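Me: I have a structure to read, and I want to learn how to read its features one at a time. Where do we start?

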Amino acid sequence: MSKVTVIDHPLIQHKLTIIRDKNVGTKEFREVVDEIASLMAYEVTRELPTMDIEVETPVAKTTQKTLAGKKLAIVPILRAGLGMVDGIMKLIPAARIGHIGMYRDEETLEPVEYFVKLPEDIDQREVLVVDPMLATGGSAVMAIDALKKRGAKTIKLITLVSAPVGIEMIQKMHPDVEIYTAGLDEGLDEHGYIVPGLGDAGDRLFGTH
């Protein structure tokens with residue numbers, strides 16, 4: 001069963017409330033999504049391994065902690081996932097970035113994969129899949145399928161808001177994938193939007209309708 005972490009830090013909850021507001025414009029929406037992604041990255045990377053190295057301060061030699069070189073990849077689900085990449089990259093500048101493109105078939109409402117470009121050594125990296133919304137879970141499941149098919153073994157899913165049905169879908173199809181979300185919402189409406197949610201994250205990030 002996938003481990004689910006709802007990150008309830010006051011700063012994250014405050015900023016999530018800001019972007020839920022329908023009156024917030026594209027510029028502010030984009031900036032706050034970036035900030036939330038940075039803050040979430042602290043929690044998501046809490047268990048990264050460290051090792052001891054010796055450094056010399058202006059005062060004395062000392063043994064201190066440094067990251068143990070575990071390779072990371074950030075993989076946004078296009079296009080809304082792009083809004084979360086820079087915020088995480090600020091903290092983990094050495095991470096590589098892949099892209100997985102999906103669109104929703106208007107008739108079947110099922111996700112269709114149209115683009116996958118990943119680092120060549122994706123099988124050796126811990127992969128952070130980012131997408132602001134986890135609604136039905138269809139796109140996330142397909143993205144994780146695409147990653148596993150290409151050798152990825154350690155995968156975490158990072159979302160801003162999630163619906164219970166989406167979380168259940170990930171737990172059923174990919175029980176080894178940890179889920180991190182800032183908001184666990186009530187459910188979905190008849191159009192598949194998360195309620196109360198924050199609308200269409202892609203449209204609000206990029207100013208489209």
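**Reading the model**

Reply: Start with one residue and its contacts. This is a predicted model. Leaving aside neighbours within four places in sequence, lysine 156 is in contact with Val44, Glu126, Val127, Leu128, Val129, Val177, Glu178 and Tyr180.

Me: Where does lysine 156 sit? Is lysine 156 buried or exposed?

Reply: Lysine 156 is in strand β10, residues 154-162. Buried means under 20% relative accessible area. Lysine 156 has 7%, so it counts as buried.

Me: Which backbone atom lies 3.0 Å from a polar atom of the lysine 156 side chain?

Reply: The backbone oxygen of valine 44. Valine 44 is also in the contact list of lysine 156.

Me: Now zoom out. How many helices and strands does the chain have?

Reply: The count is six helices and 13 strands.

Me: What box do the C-alpha atoms fill?

Reply: Roughly 65 × 40 × 30 Å, taken along the principal axes.

Me: And what about burial and surface?

Reply: Of the 209 residues, 46% count as buried. The accessible surface comes to about 11,200 Å². Carbon and sulfur atoms hold 53% of that surface.

Me: How do I read contacts by sequence separation?

Reply: Take contacts between residues at least 6 apart in sequence. Of these, 63% join residues at least 24 apart.

Me: Which domain does the record give, and over which residues?

Reply: The unreviewed UniProt entry carries "domain: Phosphoribosyltransferase" over residues 6-208. Treat it as an annotation, which may be inferred rather than shown by experiment. Over residues 6-208 the chain is 33% helix and 32% strand. The end C-alpha atoms of that stretch are 29 Å apart.

Me: Next, peptide geometry. Where are cis peptide bonds found?

Reply: Read omega. A cis bond joins leucine 78 and arginine 79, with omega about 5°. A cis bond also joins valine 195 and proline 196, with omega about -5°.

Me: Which loops hold arginine 79 and proline 196?

Reply: Arginine 79 is in the loop between β4 (72-78) and α3 (82-89). Proline 196 is in the loop between β13 (194-195) and α6 (201-206).

Me: How do I read a binding-site annotation?

Reply: Take the record's residues, then check them against the pocket lining. One "binding site" feature in the unreviewed UniProt entry covers Ile194, Gly199, Asp200 and Ala201. The lining of the largest pocket includes Ile194, Gly199, Asp200 and Ala201.

Me: What else does UniProt place under "binding site"?

Reply: The unreviewed entry also lists Arg79, Arg104, Asp131, Pro132, Met133, Leu134, Ala135, Thr136, Gly137, Gly138, Ser139 and Asp200. Of these, the lining of the largest pocket includes Arg79, Arg104, Asp131, Met133, Leu134, Ala135, Thr136, Gly137, Gly138, Ser139 and Asp200.

Me: Let us look at proline 132. Is proline 132 buried or exposed?

Reply: Proline 132 is buried, with a relative accessible area of 1%. Its place is the loop between β8 (126-130) and β9 (133-134). Not counting residues up to four places away in sequence, proline 132 touches Ala80, Gly81, Met84, Thr159, Leu160, Val161 and Ala201.

Me: And aspartate 200? Which residues does aspartate 200 touch?

Reply: Beyond four places in sequence, aspartate 200 touches Arg79 and Tyr193. Its side chain reaches the backbone nitrogen of glycine 202 at 3.0 Å. Aspartate 200 is in the loop between β13 and α6. At 30% relative accessibility, aspartate 200 counts as partly exposed.

Me: Last one. Where is glycine 199 found, and what is glycine 199 in contact with?

Reply: Glycine 199 is in the loop between β13 and α6. Leaving aside neighbours within four places in sequence, glycine 199 is in contact with Met133 and Tyr193. Its relative accessibility is 34%, so glycine 199 counts as partly exposed.

Definitions and conventions: Residues numbered from 1 in each chain as written. Predicted model: local features only at pLDDT ≥ 70, side-chain atom pairs only at ≥ 80, totals over all residues. Heavy atoms only, no water. Helix = DSSP H or I, 4+ residues; strand = E, 2+ residues; numbered from the N terminus. 1 Å grid on protein atoms, 1.4 Å probe; cavity = no way out; pocket = protein on both sides within 12 Å on 5 of 7 lines; lining within 4 Å. Buried < 20%, exposed > 50% of the residue type's maximum accessible area, 1.4 Å probe, protein only. Contact = heavy atoms within 4.5 Å. Polar contact = N/O pair within 3.5 Å; in protein donor to acceptor, adjacent residues only side chain to side chain. Areas by Shrake-Rupley, 256 points an atom, 1.4 Å probe, with all protein chains shown as cover.
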